[in-house]
Amino acid sequence: MLKKKIGSLLMAGILSLGLIGCGSKSSNVSEGNSSAGEKVKLTFGIWDVIQENGMKQLVEKFNEKNPNIEVEVQVTPWTEYWTKLEAAATGGEMPDVFWMHTNEFSKYASNDMLLDLTELEGTNGYKDFPESLVQLSSFKDKVYGVPKDFDTIALVYNKEIFDNAKVAYPDETWDWAKLVEVSKQLTNKDTGIYGFAAALEDQQGYLPTIAQAGGYVLKDGKSGYEDPNTIEGLQFYVDLSNKYDVSPTLAQLADTNVDTLFQSGKVAMSFLGSWRMSSYASNDDVKDKFDIAVLPKGKERASIINGLSFAGSTKTKYEAEVKKFLAFLASEEAQTIQAENGTAISARNATSEKWVKTYPNYNAQVFLDMKEYSVPVSTSLTKAKWGNTEREMIKKMMMGEISVKEGAKVIADEMNKLFEAE
């Protein structure tokens with residue numbers, strides 16, 4: 001998912017203090033009032049207005065079988081979501097159920113803010129979900145989130161630009177060299193068209209090329225930024241931004257983002273997360289002009305996989321009802337509804353193909369095909385802090401202010417220092 005992350009060790013410590021004595025069986029938790037006939041109201045926090053109607057469809061279906069449990073969907077924009085959730089955690093007013101992102105998961109799970117869902121009814125040990133997604137929702141061998149969806153990264157391209165230049169579309173034979181070759185062919189600064197857009201992005205930017213070079217961000221509690229393969233993959237992405245002269249500069253992308261440039265016909269190719277398919281397919285300016293291909297191969301094939309989860313608050317007064325709703329969200333019925341809505345690839349194995357069918361005019365199947373060799377996003381308790389250093393250094397690399405090797409060492413030193421404190 002080009003996103004802003006917040007939080008730090010200091011704030012995590014504050015949260016920890018604010019949550020002393022709270023747990024899944026704390027004194028303010030009710031084991032369920034709806035069984036007694038009393039109507040219970042749950043709050044359901046999300047951050048994406050595009051998915052609001054889809055989440056309301058899930059609530060409506062749940063209410064058909066559970067009329068005594070009212071669920072209110074509350075939408076808070078991403079830019080405010082984590083600030084609001086953190087404040088609610090310290091104040092004891094968290095939503096009963098809410099979306100959780102991998103970048104923030106460890107902090108909330110380690111501070112006893114998420115209900116233990118390991119034995120959630122109907123999940124069968126989460127065997128019907130990809131293992132990588134279950135791992136992203138787990139902490140110390142316990143599951144604290146129902147996998148909601150997953151995303152991978154593909155290559156999006158403008159067919160009209162390719163057709164005008166009489167260049168064949170990207171396919172599975174492409175490698176890094178071919179990406180550079182064609183990007184140069186399609187770049188025409190006289191008309192303001194660039195062959196590729198290398199944005200300051202993690203999932204939709206440098207993380208795939210790091211993985212394709214055989215590198216890694218985090219492994220066994222140590223940073224991978226001093227690994228030669230990591231540096232090689234990062235160097236390739238930085239070169240797309242400046243050396244090869246095929247991409248708008250970071251300054252240009254700050255003024256006009258990749259989506260706008262691509263959809264206005266000024267960029268031929270870019271990396272695209274599956275979560276953006278709905279906005280592209282519904283845009284009249286580009287919906288008939290684009291398609292998707294697997295990512296070009298480096299030393300090896302790789303994409304990046306990430307996923308959201310549905311979580312429950314340990315401070316809820318209605319634990320039984322919350323778990324009942326979460327069990328429904330984990331069901332094949334609910335995950336199918338979400339997939340057929342087209343906004344996200346549902347996490348449950350049997351439902352992801354249904355998402356593909358909502359995009360019959362595109363090669364959306366590649367998002368699923370790449371799942372087999374995709375690398376999970378790296379995260380840790382201190383991700384928010386070292387993630388800021390990571391972004392700051394890579395920005396300097398892409399602007400030519402520091403070499404990749406020098407910047408990577410700064411990132412590695414910061415990460416390893418923070419890992420020692422974890």
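**Ground rules.** The model is predicted, so I kept local features only at pLDDT of at least 70 and side-chain atom pairs only at pLDDT 80 or more, while totals for chains, interfaces and linings use all residues. Residues are numbered from 1 along each chain as its sequence is written, and side-chain values use heavy atoms, with hydrogens and water left out.

**Entry 1: aromatic rings.** I looked up ring pairs first. Rings of Phe, Tyr and Trp (its six-membered ring) pair if their centres lie within 6.5 Å; planes under 30 degrees apart are stacked, over 60 edge-to-face, and the rest tilted. That rule gives 24 aromatic pairs. I picked out Phe44 and Phe325, an edge-to-face pair with centres 5.4 Å apart and 85 degrees between the planes. What does this pair tie together? Phe44 lies in strand E1 (residues 40-46) and Phe325 in helix H13 (residues 319-330), so the pair ties together parts 281 residues apart in sequence. Helices (H or I, at least four residues) and strands (E, at least two) are DSSP runs, numbered from the N terminus.

Next I checked burial. Buried means under 20% relative accessible area, exposed over 50%, and partly exposed in between (1.4 Å probe, protein chains only). Phe44 is buried at 0%, and Phe325 is buried at 0%. I then noted Phe162 and Tyr169, edge-to-face at 6.1 Å centre to centre and 75 degrees between the planes. Phe162 is buried at 0%, whereas Tyr169 is partly exposed at 32%.

I also wrote down one aromatic cluster, formed by Trp47, Trp78, Tyr81, Trp82, Trp99 and Tyr108. Trp99 turns up again with a charge: Lys148 lies over its face, 4.7 Å from the ring centre. A charge sits over a ring if NZ of Lys or CZ of Arg is within 6 Å of the ring centre and within 35 degrees of the ring normal. Lys219 does this with Tyr216, its charged end 4.3 Å from the ring centre.

**Entry 2: a sheet.** I followed an open sheet of three strands, in the order E11-E8-E12 with antiparallel pairing. Two strands pair if DSSP finds at least two bridges between them. Which strands are at the edges? Strand E11 (269-273) and strand E12 (290-293) are, each pairing on one side only. The twist averages 40 degrees from one strand to the next. I found five bridges joining E8 (residues 153-158) to E11, and Ile153 stands opposite Gly273 in E11.

**Entry 3: salt bridges.** A salt bridge is a side-chain nitrogen of Lys or Arg within 4 Å of a carboxyl oxygen of Asp or Glu. The whole structure has 18 salt bridges. One of them joins Glu160 and Lys289, at 3.6 Å from N to O. Glu160 is in helix H6 (residues 159-164) and Lys289 in the loop between helix H12 (277-281) and E12, 129 residues apart. Both ends are partly exposed, Glu160 at 39% and Lys289 at 30%.

Lys299 forms another with Glu232, the closest N and O atoms being 2.9 Å apart. Lys299 is in the loop between E12 and strand E13 (303-305) and Glu232 in helix H9 (residues 228-241), so this pair ties together parts 67 residues apart in sequence.

I ended with Lys409 and Asp413, whose side chains meet at 2.9 Å, N to O. They are four residues apart in helix H18 (residues 404-421), so about one helical turn separates them.

Conventions: Axes fitted to C-alpha atoms, helices over the stretch in contact; angles between N-to-C directions.
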